[in-house]
Amino acid sequence: MSRTCLSIILAAGEGSRMKSSVTKVLHPIGGRPLVAHVAATAAAAGAQASALVVGRDAEAVAAAVAGAGHAASVHLQSERLGTAHAVLAARKAIGAGYDDLLILYGDTPLIRPETLLAARAVLAEGAAICVIGFRPADPTGYGRLIEEGGTLKAIREEKDASAEEKAIGFCNGGVMAIDGRRALDLIGRIGNANAKGEYYLTDIVEIARADGLSVRAIEAAEKEVLGVDDRVKLARAEAVWQADRRMEAMRAGATLIAPDTVTFAYDTVLGRDVLVEPNVFFGAGVTVGEGAVIHAFSHLEGAEVGPGASIGPFARLRPGTRLADGAKVGNFCEVKNAVVGEGAKINHLSYIGDASVGARTNVGAGTITCNYDGFLKHRTEIGADAFIGSDTALVAPIRVGDGAYVGSGSTLTEDVPADALAIARARQVNKPERARSIQERGKAAKAQRRAAGE
C-alpha cells in the first residue's frame, strides 16, 4: 500500500484494576509488553511512524516500544478527558500530514496486521472513517454499531440505545482508521456534552456523517479487540496468543506433542521437523534448528539450538547458549553463555557456564565449570574430542586441550595439554576394620544419650 500511515497508540490509562505497581500496558504476553505488541502490529500494517500517548510511567512505556525496535514520538496526556482528548495529545504528529491514521490502544495486543490493512483499504476506497467492530456472544455492555445501507450511521452506547438497537450484535471494538487529511478537523469538533464531561472519539462518526462523508465498519474476530484491564484478561490474552503461536508453529512444520503445555515467546523460531515434548517453556531469544528435539520439562531462553540437537528432559538453557549440529544437553543440565560444539554431549547433572566445549567432546555426569570467584566470571575452554570424567570441577579460567582425558572426581585448577591425562584427586586410603569401630562408638554414644533422657 503506497499511502502513508501514522499509528496513534493510546497508552495513558492508569490500569488500577491490574492492582500493580507496573502500569497496565507494560505487563507482558509472550514475554513482550502489551504496548510493544501493538507497536509491532502497527508497523506490520504499514505504519511508517507511531505516536505514543502516555501518562503514568511515560519513560518506561516509551522505552518498551523503542526496545521492541519501533521508536515512537511521545506525547503526554496530563488530564484524562476521554479518548478524543487523548488522540489530540498527539496533535503535532497528526499535523505532519499522513494519509491514514490508525487509532490503537496499548492494552489491546491481539489485533492483527491484516485487520488494520483491511481498515486502511476502506480509507483508500474513499471513506473518511473505518471502525473495527466484532460480534461477541453476549453484546451486553458494548457500544453498538448502527449501520444502514452498508454505511455506519452511529456508535450507540448501551445506556443510550433503544430496545431495537440493543438487539444488534455488531459492537464497537474501539480501534479505527481515520482519513489523515480530515482527522484534526473532525476530532477537534467533538464536544463533551455528556454525563462525564469527556470527549468521546466515537462521536466522530456522527460528525463525519453530518458532513456527508463516508463512514464504514469492518468486522474482526472478538479475540482481536480483547482489552486487558485486569489480571484475568491478561491471562486470557496470554492464552489466546499462545494458542495462535502453537497453531502457527505446527502449520510451519514443528511437532508439539501436547500443544497446550508448550509456552512460546514473541520471537521463538522453530525449524521444520522440530519435536517439542510436553511442558517446555521458551523464553525470549530462542531459535531451534531443523530436526532438533526438545524433551519434556525443559526451559530455554536466549539460546540457539542447532539442527538435530537434543535438549532435556529437565534441561535449562540460559542466555548466550549456542549448540552446534547434533549437540546434546541431557537431563538436569544447565548451560549458560556457552558454545557447545558439533556432536558434543553433556548428558546429565552438569553445569556448563561461560565456556566452550569442542566438537564430539563428552562431559560426564556431575561436571561443573566453576566460573564465578565472587567478583568476576571466568571462562572454561574445552577442546574437541576430549573426555571429562564424571564429578569433575573445572576451576576457571582454565583450558583443556583437544583429545585430553580427565579422570573422574578431579578438581582441575591448571590447564590440561592436548592428549594428556589429568587426574586431580586425593589418593584413596583404606583403613581395615575402622568402619566397625566407628559404628560401635556411635552406637555406644547414642545409647548413653538415651539413658540420660536426652
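This is a predicted model: local features need pLDDT of at least 70, side-chain atom pairs count only at pLDDT 80 or more; totals for chains, interfaces and linings use all residues.
Residues are numbered from 1 along each chain as its sequence is written, and side-chain values use heavy atoms, with hydrogens and water left out. Local features need pLDDT of at least 70 and side-chain atom pairs count only at pLDDT 80 or more, while totals for chains, interfaces and linings use all residues.

**The second largest pocket**

The second largest pocket has a volume of about 390 Å³. A pocket is an open set of points on a 1 Å grid over the protein atoms alone, where a 1.4 Å probe fits, with protein on both sides within 12 Å along at least five of seven lines; lining residues have an atom within 4 Å of a point. Grid points are joined across faces, edges and corners, and the volume is the space filled by probe spheres set on the points.

Lining this pocket are 19 residues, of which Thr41, Ile111, Arg112, Pro113 and Arg245 are the closest to its centre. Helix H1 (34-44), helix H5 (113-124) and helix H9 (231-251) each give two or more residues to the lining. H9 provides the largest share, 5 residues. Helices (H or I, at least four residues) and strands (E, at least two) are DSSP runs, numbered from the N terminus. By class, the lining has 9 nonpolar, 2 polar and 8 charged residues; Ala, Val, Leu, Ile, Met, Phe, Trp, Tyr, Cys and Pro count as nonpolar, Asp, Glu, Lys and Arg as charged, and the others, Gly among them, as polar.

**Leucine 201**

Leucine 201 lies in the loop between helix H7 (183-188) and helix H8 (204-210). Its relative accessibility is 2%, so leucine 201 counts as buried (under 20% relative accessible area; exposed is over 50%, partly exposed in between, with a 1.4 Å probe and protein chains only). Leaving aside residues up to four places away in sequence, leucine 201 touches Thr83, Ala84, Val87, Ile103, Tyr105, Met176, Ile187 and Ile190, contact meaning heavy atoms within 4.5 Å. The C-alpha atoms of leucine 201 and valine 240, 39 residues apart along the chain, are separated by 28 Å.

**Backbone features in loops**

| Residues joined | Omega |
|---|---|
| glycine 312 and proline 313 | about 5° |
| alanine 396 and proline 397 | about 0° |

Proline 313 is in the loop between strand E20 (310-311) and strand E21 (316-317), and proline 397 in the loop between strand E31 (393-395) and strand E32 (398-400).

Arginine 360, a residue other than glycine, has a positive phi near 65°. Arginine 360 is found between strand E26 (351-357) and strand E27 (362-363), in the loop, and is exposed, with a relative accessible area of 51%. Aspartate 385 also has a positive phi, of about 60°, although it is not a glycine. Aspartate 385 occupies the loop between strand E29 (380-382) and strand E30 (387-388) and is partly exposed at 41% relative accessible area.
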